[in-house]
Amino acid sequence: MAVLGLSAAEEEIYRHLLRNPGVELDDVHVLLRQDPLVSAAAVHRLRELQVIREDDGRAWPHKPELVVNRLAQQRLDEFYSTIRTLSDLNPLVDALRREAHDRGTHSEQAPVERLMGLPAIRERLDELAFFARTEVMSSEPYDALTPENIERSRELDLRCLRRGVVLRSLVRASAVADDTTRAYLQELTDAGARIRVLDDLSELMIVYDRHTALVPVDPKVTSRGALCSSEEGIVTAVVNNFERLWAGAAEFAGAAGQGDGAPDEPRLTDLQVQVLRAMCTVAKDETGARQVGAALRTYRRHISELMRILGAENRAHAALLARERGWV
């Protein structure tokens with residue numbers, strides 16, 4: 001009964017009373033070979049939890065169905081309280097930041113923070129995506145995404161979408177022409193993201209909750225770093241620029257040729273092909289995940305998606321259908 005919050009000593013006493021209702025508890029520690037102090041504390045807690053009832057020096061257990069339901073509800077209430085706390089970690093983050101705030105003028109939050117190097121930029125993007133609650137707007141002028149880029153972005157993007165965050169993204173038309181990139185954009189669209197396409201897109205910007213904006217230090221050389229700001233004037237200017245571009249962009253579905261006689265045969269990304277081959281050749285998911293260089297959960301998610309694409313009832317059926325299509 002540990003899952004319900006009872007200690008081993010408490011459970012032992014309750015089970016003893018189920019077998020021997022109406023006994024005195026003064027000497028129960030002797031019968032059960034428990035430490036007297038441990039036994040006394042256990043009896044006290046069983047009283048508080050209303051697991052047992054006492055009358056005239058004797059004790060009886062409450063019915064198991066009542067005890068289990070009561071303890072389960074109590075545990076669920078505790079879990080829900082923890083979940084509510086974890087769903088909003090901003091107070092904790094603010095408290096921790098205040099701990100590091102007493103370092104003179106250098107510790108004060110600058111109106112515009114300069115992020116140097118890809119690791120620093122990625123760390124901030126991870127943080128902002130984790131705390132995003134309403135909307136993420138992005139304009140990314142890439143011509144194609146590598147499988148590594150996609151694998152890193154997928155977890156952040158899908159996690160936001162699962163939380164109900166609105167994702168709006170602007171991409172270049174040349175990116176839609178790339179098979180791997182188009183497949184990923186379609187995956188995001190299917191998950192609820194809104195994507196539009198521009199023939200000529202040069203602006204790189206990301207805005208989280210209309211509160212924090214990231215733009216490159218040098219738009220022509222993005223490797224020089226990024227500027228991160230929550231200044232209202234800066235964020236408003238970036239948002240207005242995004243909305244202007246968004247209004248003149250075409251929907252991804254139309255740019256990708258959907259609904260205009262596009263081929264029925266789906267196109268797999270390079271990573272999906274690797275996962276499919278691993279699924280057909282290795283026995284354990286752990287081995288397959290290591291083979292393609294993906295996390296176990298990510299590997300299994302790809303297998304589920306491949307089974308959906310193939311219309312397979314199980315993995316063996318998926319392997320058969322994939323061979324029939326010449327995919328492996």
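Reader: Which helices are included in what covers the buried residues of H15?

Author: This is a predicted model. In it, helix H15 spans residues 315–324. The cover over its buried residues includes two helices, H12 (270–281) and H14 (296–310).

Reader: Which residues of H15 are buried, and within what arc do they fall?

Author: The buried residues of H15 are Ala318, Ala319, Leu321 and Ala322. Viewed down the helix axis, they line one face of H15, because their directions fall within an arc of 165°.

Reader: Which residue caps the N-terminal end of H15?

Author: The cap involves a side-chain oxygen that lies 3.2 Å from the backbone nitrogen of Ala316. The residue that supplies this oxygen is Asn314.

Reader: Is Leu18 buried, partly exposed or exposed?

Author: Leu18 belongs to helix H1, residues 8–19. Buried requires under 20% relative accessible area and exposed over 50%. Leu18 has 39% relative accessibility, so it counts as partly exposed.

Reader: How far apart in space are Leu18 and His62, C-alpha to C-alpha?

Author: Leaving aside neighbours within four places in sequence, Leu18 is in contact with Pro61, His62 and Pro64. Leu18 and His62 are 44 residues apart in sequence, and their C-alpha to C-alpha distance is 8.6 Å.

Definitions and conventions
Residues are numbered from 1 along each chain as its sequence is written. This is a predicted model: local features need pLDDT of at least 70, side-chain atom pairs count only at pLDDT 80 or more; totals for chains, interfaces and linings use all residues. Side-chain values use heavy atoms; hydrogens and water are left out. Buried means under 20% relative accessible area, exposed over 50%, partly exposed in between (1.4 Å probe, protein chains only). Helices (H or I, at least four residues) and strands (E, at least two) are DSSP runs, numbered from the N terminus. The arc is that of the directions from the helix axis to the C-beta atoms. Contact means heavy atoms within 4.5 Å. A polar contact is a pair of N or O atoms within 3.5 Å; within protein, one must be able to donate a hydrogen and the other to accept it, and residues adjacent in sequence count only if both atoms are side-chain atoms.
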